[in-house]
Amino acid sequence: MSFKRLSITFAVSVFLIYAVLIISLYSFYSSEHLLRIIASSRALYAVRLSIVAASVTVLVCMILAVPAAYALSRYHFVGKRIIDTLLELPLFVSPAALGAMILIFFNTPVGDWIQGNVQQFVFTVYGVILAQIIAVLGIAVRLVKAVFDEIPRRYEKVARTLGASPYRAFSSITLPHAYRGLFAAMVLTWAKAVGEFGATVTVAGTIAMRTETLPVSIYMRLASADIEGAVGSILILITLSLVVLYLSRLIFPGGGYVRS
Amino acid sequence: MLEVNDLTLRAGAFAVKEVSFEVAEGSCHVLLGPTGSGKTLILESVAGLRRLQAGTIKLAGEEINGTFPEKRKIAYLPQDLALFPTMTVKDNIAYSLRISGLAKRDCYARIKDTATGLGIGEILERSIHHLSGGEKQRVALARALVAGNRMMLLDEPLSSLHTGLRREIWHLLQRIRKEHNLTYLLVTHDLDEALFLSDTISIIHGGRLLQTGDKNEVFNRPSSLEAARIVGVENFFAAVVQGNEAACLRLHCPALSASFMVEKRRGAPLYQEGEGVTLGIRANNLILTVAQEQPGEMNGAELVVEEVYEKGSSATVLLRHGDRRDTIVVAEQHKQNYPVFPGQKVKLLFPRENIMLY
């Protein structure tokens with residue numbers, strides 16, 4: 001078998017692994033049951049909460065990630081290597097552990113004060129958003145940094161000699177150059193946030209119609225042996241993610257991080 | 001106009017140390033040196049893009065060490081020109097005007113004359129992805145000119161162009177320098193480019209300044225062996241001082257079995273008899289002849305032609321002495337003078353005024 005055929009075989013195998021899993025859902029599928037689940041107020045709440053929480057998460061993450069990633073990409077400063085390493089924490093530490101760390105923080109005097117005087121996070125929708133932010137922020141910074149790393153510094157250097165301040169060089173040259181990559185990073189962060197479960201369930205719990213995102217809904221339905229209901233929620237989650245990914249490909253057909 | 005004094009900076013493991021030179025207003029100063037010698041670091045320091053460890057940079061008599069790049073009024077053209085890829089030609093050219101707060105319509109009116117003067121008036125609406133190499137050069141120059149900067153830093157901006165276009169851009173650079181009274185600080189490792197464009201040259205090697213001065217002085221009188229190599233001297237031979245006379249030195253070169261009389265130059269070190277020196281001479285200063293008997297035995301060597309590389313009307317001739325293959329002499333020869341062929345015995349004359357000693 002040629003190398004080309006061998007590599008294509010592996011690509012098809014990867015597709016088949018996921019295809020088999022999706023097809024297997026049909027063993028417990030009934031269109032009548034699915035329509036009833038989709039139309040239920042509980043499922044609609046889970047969809048709405050998942051979309052809203054993931055969107056807020058992306059917004060907050062991007063506000064933090066863009067300047068942070070720019071600093072990590074462009075400047076040398078004390079502690080840069082430590083920060084760079086910490087960004088991979090969510091990849092290595094399980095989401096449940098991250099959630100537990102958030103809970104422990106809220107049991108410290110500072111956390112307790114925040115809960116009492118600023119905002120209650122534990123077992124609330126705010127807890128869902130906070131858990132998602134903690135789980136995906138590192139990855140968002142890593143994705144955005146990769147975008148800035150791809151853009152040569154000399155554009156900004158030339159812009160500076162043409163009269164632009166560092167901020168103006170960033171906003172007029174680097175940002176327009178990076179918008180495709182930033183959009184891709186937003187979509188991936190959003191998809192990761194929508195699917196987040198471990199940290200969410202640890203911080204916000206499994207309260208129906210309150211902290212019930214789609215992944216939490218799947219877990220709750222499975223726990224109560226509602227297999228058809230779980231299948232319905234899984235199909236909604238898959239459809240939602242695929243539609244977003246498809247639309248993002250439609251907006252930027254070529255893919256790629258940086259506009260060349 | 002520009003004075004650089006004892007410029008010292010570090011970039012990773014590499015350091016530029018105590019580099020000083022001056023660039024007169026309206027002139028072109030070239031930083032000449034091999035790749036990785038620190039030329040670009042010096043240029044970026046002048047542009048304000050790198051922090052100095054020591055030294056001063058003065059522009060029009062005013063120290064600008066602490067001045068931000070956007071306040072220096074010094075244009076910078078990097079090797080790949082760095083045209084902004086998300087903008088059209090006209091937006092690239094008008095960038096500095098837009099930054100200064102001028103309305104788009106006024107910007108475009110202001111850039112029209114400059115663009116037309118550089119022959120790119122017809123391509124203003126194009127994306128920079130659809131430009132030829134020459135057009136890109138012109139757009140980058142227009143962008144720098146429109147910014148109103150009178151000092152331009154050019155970092156090997158012509159290195160990616162083919163020979164014909166490079167020469168065309170050389171002429172363009174000279175024309176706009178005179179028209180706009182611009183001052184250039186240009187980095188190159190191309191000796192032809194340096195000699196064509198420069199008024200003065202600084203030779204940089206390993207982060208250090210080897211020599212600075214008028215281009216003819218630097219070209220004809222390189223101050224060190226390294227400087228001589230960088231300004232294109234092809235032939236170097238070890239020799240021993242045999243006699244020290246009033247105006248001349250007598251040398252013997254064992255590798256060529258030849259003796260030479262060399263003129264003493266003003267300011268040259270005092271050589272002692274028996275002292276070892278290195279003798280250098282350019283290939284095009286050597287005189288190749290097939291005549292065996294020459295008046296006077298000095299400054300001539302009997303050699304055998306090893307290879308002949310024809311280059312149109314001239315040829316590069318490699319010669320060796322006897323069976324020695326470790327010493328090869330390179331000579332440039334007009335083919336019409338003496339056509340030579342491999343294996344032929346010839347005599348090579350070293351004019352005393354062209355011999356350099358180190």
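**Figure 1. Contacts across chain A.** Among the contacts in chain A with a separation of 6 or more, 76% are between residues 24 or more positions apart, a contact being heavy atoms within 4.5 Å. The model is predicted, so local features need pLDDT of at least 70 and side-chain atom pairs count only at pLDDT 80 or more, while totals for chains, interfaces and linings use all residues. Residues are numbered from 1 along each chain as its sequence is written, chains are lettered from A and ligands numbered from 1 in the order in which they are written, and side-chain values use heavy atoms, with hydrogens and water left out. Chain A has 13 helices and zero strands; here helices (H or I, at least four residues) and strands (E, at least two) are DSSP runs, numbered from the N terminus. The C-alpha trace of chain A spans about 65 × 65 × 35 Å along its principal axes. Of the 260 residues in chain A, 42% are buried, that is, under 20% relative accessible area, with exposed meaning over 50% and partly exposed in between (1.4 Å probe, protein chains only).

Figure 2. The buried ones are Leu214(A), Pro215(A), Val216(A), Ser217(A), Ile218(A), Met220(A) and Arg221(A). Look around them and you will find a cover that includes α2 (31-39), α3 (41-74), α10 (166-194), α11 (198-204) and α13 (227-251) of chain A. After α12(A) comes Ala225(A), with a positive phi near 60°.

**Figure 3. Helix α3 crossing helix α8 in chain A.** The axes of α3(A) and α8(A) (residues 125-150) come within 6 Å and cross at roughly 40°. That angle makes α3(A) oblique to α8(A); angles under 35 degrees count as roughly parallel, over 145 as roughly antiparallel, 65 to 115 as roughly perpendicular and the rest as oblique. Axes are lines fitted to C-alpha atoms, for helices over the stretch in contact, and angles run from 0 to 180 degrees between N-to-C directions. Ala, Val, Leu, Ile, Met, Phe, Trp, Tyr, Cys and Pro count as nonpolar, Asp, Glu, Lys and Arg as charged, and the others, Gly among them, as polar.

Figure 4. The axes of α8(A) and α10(A) come within 9 Å, crossing at roughly 145°, and the crossing is right-handed. Residues of α8(A) in this contact include Val136(A), Ile139(A), Leu143(A) and Phe148(A), and those of α10(A) include Phe170(A), Ala178(A), Leu182(A) and Leu188(A). By class, the contact of α8(A) with α10(A) divides into 13 nonpolar, four polar and one charged. Helix α9(A) (residues 154-161) also has its axis within 9 Å of that of α10(A), at a crossing angle of roughly 140°. The two helices α9(A) and α10(A) are therefore oblique to each other, and their crossing is right-handed. Tyr155(A), Glu156(A), Ala159(A) and Arg160(A) of α9(A) make the contact with Pro166(A), Ala169(A), Ile173(A), Thr174(A) and His177(A) of α10(A). Five nonpolar, two polar and two charged residues take part in the contact of α9(A) with α10(A).

**Figure 5. Strand pairing in chain B.** Strands β1(B) (residues 2-11) and β2(B) (residues 14-23) run antiparallel and are joined by seven bridges; two strands pair if DSSP finds at least two bridges between them. Ala11(B) has Phe14(B) of β2(B) as its bridge partner. This hairpin of β1(B) and β2(B) has two residues between the strands, and Gly12(B) takes a positive phi near 65°. Elsewhere, an open sheet of five strands in chain B has the order β13-β12-β11-β14-β20, with antiparallel pairing. Its edge strands, β13 (258-263) and β20 (356-357) of chain B, each pair on one side only. Two bridges join β14(B) (residues 276-281) to β20(B), and Leu279(B) has Leu357(B) as its bridge partner.

**Figure 6. Arg138 of chain B.** Arg138(B) lies in helix α6(B) (residues 133-146) and is buried, with a relative accessible area of 15%. Not counting residues up to four places away in sequence, Arg138(B) touches Leu118(B), Ile120(B), Glu168(B), Ile169(B) and Leu172(B).

Terms used
A crossing is left-handed if the near helix is turned anticlockwise from the far one by less than a right angle, and right-handed if clockwise.
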